[in-house]
Amino acid sequence: MKNLLLIVSAACCFSTASAQFGNCSWSSGPERMQIVQVDLRDSSTLVFMEYTAPDASVDSVRWMNFSDGTYIHLPGSNKRYHLLASVNMPISWEAEPKRMIFDEPGQKHRWVLEFEKLAPETAVFDLVEEPSNPQASNFSGIALDTSVRCDYADVASFIEGYPVKEYGSYADEGDVIQYYKTDEIGITLVPSLRKQYGKYLHVDLRIQNFGNRSILIDPAKIKINGYKKDKKTGNTVAVDLHVLSLAEYHKIVHRRQSWNSLLVGLGEGAAAANAGYSTSTTTYSGSTANHGNVHVSARAGSASGSASIYGSTYTTTYGQSTTRSYDGAAAYAAAQQARANTEAFAQAQDEIRQQIVDEYLKIHTLPAGTDYSGSFNAKYEEVEQAVIEITLNGETYSFYL
């Protein structure tokens, strides 16, 4: 939307531009960045800019962008002239960080920033991205030589031959979606941790062909490297997170499913085999009691005596009996149900396997004007960072996790 705003406003202003200045200077600004021209137009201010990436001998910056909070400030004034739009330079904000990626050292890039309208008599201003950040693209004391005017700059001609390679990300329902976007290609990648027949780094991928020639998608040209610290040395070491081909992953799935089917079949078979039998148990108990007494008397001479003896006995009996019976009809019904359950499980496994085959990334020629989606799994290992490198038609796109 911002790009559209600039293009429309610039087109409308070309014929009514009020002042264009190609002779600019500044007291301080980012190294290797230039302000080529400033156009004070009737409805907005266009700043034409250029940057040259460091050469191979320098620890170079591989990307750049501008914050959506970038503004123009006039010395002695508190007013800010806000950024309205950008052409050929990603504008980044918290919800959607973006950046321009440089492919090689010494690469030059051009873009145009559009701000709110400045007065035609403006001669000095500051261009501020983040005032407290020394690494930001902040220009101070931009002076316009108002005595020398030039023709208006055509936006399309100015950026021609300087294509933007935009890398960005945004969140969607907890997933972090990363993408590359150029004039010729769009790549969208969604990484996640998935437990399906093992634990894997799972990646959903979509590739769009905006160009005029086909693109070869070859899973063999996808590499993932993880990085973690060695526990002994403390040094950061690289770990190859092997990307599984369809054949490799299908073999794993088939083996796991075979075991699962075997276990389900054994369980269903055992349940069916016992389904025709029923067992009943009877428990009983009883007790008996016996009572008795004896009386004895005796006499010897003038002496006599007697004694009585009383007694009781108790007996308790416990018992349990088990009866096992067989119902042929119940056994047949259970066997039929077990067979149906096993077949249903096998069919579900087949459907899962077919879905995996259908969705898994395969080698594919992507014609111009079409898109292709697929997914793949990679070896999982605990790492501090991982880099996914996808090579398409000889160009590598790096995604950072």
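**Close-up views of a predicted model**

View 1. Arg80 lies over the face of Tyr71, with 4.1 Å separating it from the ring centre. Lys79 takes up a position over the face of Tyr81, where the figure is 4.9 Å from the ring centre. These positions, like everything shown in the views that follow, come from a predicted model.

**View 2. The protein as a whole, for orientation.** The protein contains four helices and 26 strands, and buried residues account for 35% of its 401 residues. Of the contacts between residues at least 6 apart in sequence, 67% join residues at least 24 apart.

**View 3. An open sheet of four strands.** The strands follow the order S20-S19-S25-S26 and their pairing is antiparallel. At the edges are strand S20 (236-240) and strand S26 (395-400), each of which pairs on one side only. On average, neighbouring strands of this sheet are turned by 25° against each other, with direction ignored. In general, the strands of a sheet pair through backbone hydrogen bonds, in either a parallel or an antiparallel arrangement.

**View 4. Strand S19 and its two partners.** Strand S19 (residues 222-229) and strand S25 (residues 385-392) run antiparallel and are joined by six bridges; across this pairing, Lys223 stands opposite Glu389, while Tyr227 stands opposite Gln385. S19 also pairs with S20 in the antiparallel sense, over five bridges, and here the bridge partner of Tyr227 is Ala238 in S20. The hairpin of S19 and S20 has six residues between the strands, and in this hairpin Gly234 takes a positive phi near 80°.

View 5. Tyr170 is partly exposed, because its relative accessible area of 32% falls between the limits of 20% and 50%, whereas Tyr179 counts as buried because its relative accessibility is 9%. Tyr180 and Phe399 form an edge-to-face pair, at 5.0 Å centre to centre and with 90° between the planes. This pair links distant parts of the chain, since Tyr180 belongs to strand S15 (residues 175-181) and Phe399 to strand S26, 219 residues apart. Both Tyr180 and Phe399 are buried, and together with Tyr167, Tyr397 and Tyr400 they form one aromatic cluster.

Key
Residues numbered from 1 in each chain as written. Predicted model: local features only at pLDDT ≥ 70, side-chain atom pairs only at ≥ 80, totals over all residues. Heavy atoms only, no water. Pairing = 2+ DSSP bridges. Helix = DSSP H or I, 4+ residues; strand = E, 2+ residues; numbered from the N terminus. Axes fitted to C-alpha atoms, helices over the stretch in contact; angles between N-to-C directions. Buried < 20%, exposed > 50% of the residue type's maximum accessible area, 1.4 Å probe, protein only. Contact = heavy atoms within 4.5 Å. Phe/Tyr/Trp six-rings, centres within 6.5 Å; stacked < 30°, edge-to-face > 60°. Lys NZ or Arg CZ within 6 Å of the ring centre and 35° of its normal.
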